[in-house]
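Thanks for asking me to look this over. Please keep the viewer open while you read, as I go from one region to the next.

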Protein chains: 2
Amino acid sequence: MEKGYCPVDTFINFVKGKRKATIVLHLKQGTKRYKELSQLLPDISDRMLSKNLKELEEAGIINRKAYPTIPPKVEYSLTELGGQISPILKAMLKGGRLFEKRMEE
Amino acid sequence: MEKGYCPVDTFINFVKGKRKATIVLHLKQGTKRYKELSQLLPDISDRMLSKNLKELEEAGIINRKAYPTIPPKVEYSLTELGGQISPILKAMLKGGRLFEKRMEE
DNA sequence: CTGCATCCCCGTCGATACTG
DNA sequence: CAGTATCGACGGGGATGCAG
């Protein structure tokens with residue numbers, strides 16, 4: 001993840017991947033397993049989900065905890081940084097609704 | 001501009017175009033001419049700048065006022081909606097700096 | 001259950017050149 | 001000054017299938 005010319009772009013780069021923001025918002029509600037996230041986000045493929053999760057982990061936004069059991073079990077949760085940015089995502093959510101309202105007219 | 005599955009994505013769609021957010025932040029400082037924006041954003045081509053300006057105008061975020069003089073003169077400014085979302089962009093800017101600080105370590 | 005590998009399409013963006 | 005036209009490179013993301 002590279003630095004943008006302006007910090008706003010840096011932020012966008014962290015968040016623009018398909019569904020990344022939504023994943024964080026769901027994890028804000030509490031720790032979730034891979035399968036649960038997959039069900040909460042019906043419009044994303046496994047490929048993208050695991051890719052986004054990995055990137056979010058590398059960015060330090062989420063924690064990944066794998067249990068070496070059979071069948072495997074993996075839990076995802078927010079890091080402190082993840083908690084710090086979630087209010088911003090919430091603000092963006094509100095802003096998004098503003099746009100959606102406008103579009104309906 | 002289509003609606004996202006989650007409003008956060010709607011918001012991102014408005015803002016993720018290269019430099020769109022930065023344009024809004026500059027216009028927040030006051031009305032600017034095309035040339036001025038072009039100089040404030042040295043890393044964006046004319047093609048992208050005019051494309052982004054047009055999209056922001058269509059989204060209702062900025063106003064475009066052209067004076068039919070020679071040489072031509074066009075001024076861009078924020079709409080009320082543009083003013084409403086700029087605090088969110090500022091929050092994203094702060095968040096971006098958080099990320100950048102982390103990356104330096 | 002939790003992913004990764006492969007193939008491929010398509011939109012985004014840069015470079016360059018041109019116009020009213 | 002304020003853009004538009006065209007071409008081409010690049011990467012995100014979908015579909016499908018397979019593995020530990």
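Here are my notes, point by point.

1. Some ground rules to begin with. This is a predicted model, in which local features need pLDDT of at least 70, side-chain atom pairs count only at pLDDT 80 or more, and totals for chains, interfaces and linings use all residues. Residues are numbered from 1 along each chain as its sequence is written, chains are lettered from A and ligands numbered from 1 in the order in which they are written, and side-chain values use heavy atoms, with hydrogens and water left out.

2. Let's start with the two protein chains. In chain B, 41 residues are in contact with 41 residues of chain A, where contact means heavy atoms within 4.5 Å. About 3,400 Å² is buried between chain B and chain A, and carbon and sulfur atoms give 75% of that area. On the chain B side, B:Tyr5, B:Met92 and B:Phe99 lose the most area to chain A, together 20% of what that side buries. Buried area here is the accessible area (1.4 Å probe) that two parts lose on being put together, summed over both.

3. Next, helix H2 (residues 20-28) of chain A, which holds A:Thr22. Helices (H or I, at least four residues) and strands (E, at least two) are DSSP runs, numbered from the N terminus. Seven of the nine residues of H2(A) are buried, so this helix is largely enclosed by the rest of the structure; among them are A:Ile23, A:Val24 and A:Leu25. Buried means under 20% relative accessible area, with exposed over 50% and partly exposed in between (1.4 Å probe, protein chains only). Just after H2(A), A:Gly30 takes a positive phi of about 140°.

4. Is A:Thr22 buried or exposed? A:Thr22 counts as buried because its relative accessibility is 4%. Leaving aside residues up to four places away in sequence, A:Thr22 touches A:Leu41, B:Cys6 and B:Asp9.

5. Chain B has an open sheet of three strands in the order S1-S3-S2, with antiparallel pairing. Its edge strands are S1 (32-33) and S2 (62-67), each pairing on one side only. Two strands pair if DSSP finds at least two bridges between them; six bridges join S2(B) to strand S3 (residues 73-78) of chain B. S2(B) and S3(B) form a hairpin with five residues between them. In S3(B), B:Leu78 is the bridge partner of B:Ile62, and B:Glu75 is that of B:Lys65.

6. Now for the DNA. Of the 17 residues around DNA strand D, A:Lys18, A:Arg47, B:Lys35, B:Arg64 and B:Tyr76 come nearest; a residue is near a strand if one of its heavy atoms lies within 4 Å of it. By class, this surface has seven nonpolar, one polar and nine charged residues. Nonpolar covers Ala, Val, Leu, Ile, Met, Phe, Trp, Tyr, Cys and Pro, charged covers Asp, Glu, Lys and Arg, and the others, Gly among them, are polar. H4(B) gives the most to the surface near DNA strand D, with four residues.

7. Which part of DNA strand D faces the protein? Of its atoms within 4 Å of the protein, 68% belong to sugar or phosphate and the rest to bases. A polar side-chain atom of A:Lys18 lies 2.3 Å from a phosphate oxygen of DNA strand D, while for B:Tyr76 such a distance is 2.6 Å.

How values were computed:
Polar contact = N/O pair within 3.5 Å; in protein donor to acceptor, adjacent residues only side chain to side chain.
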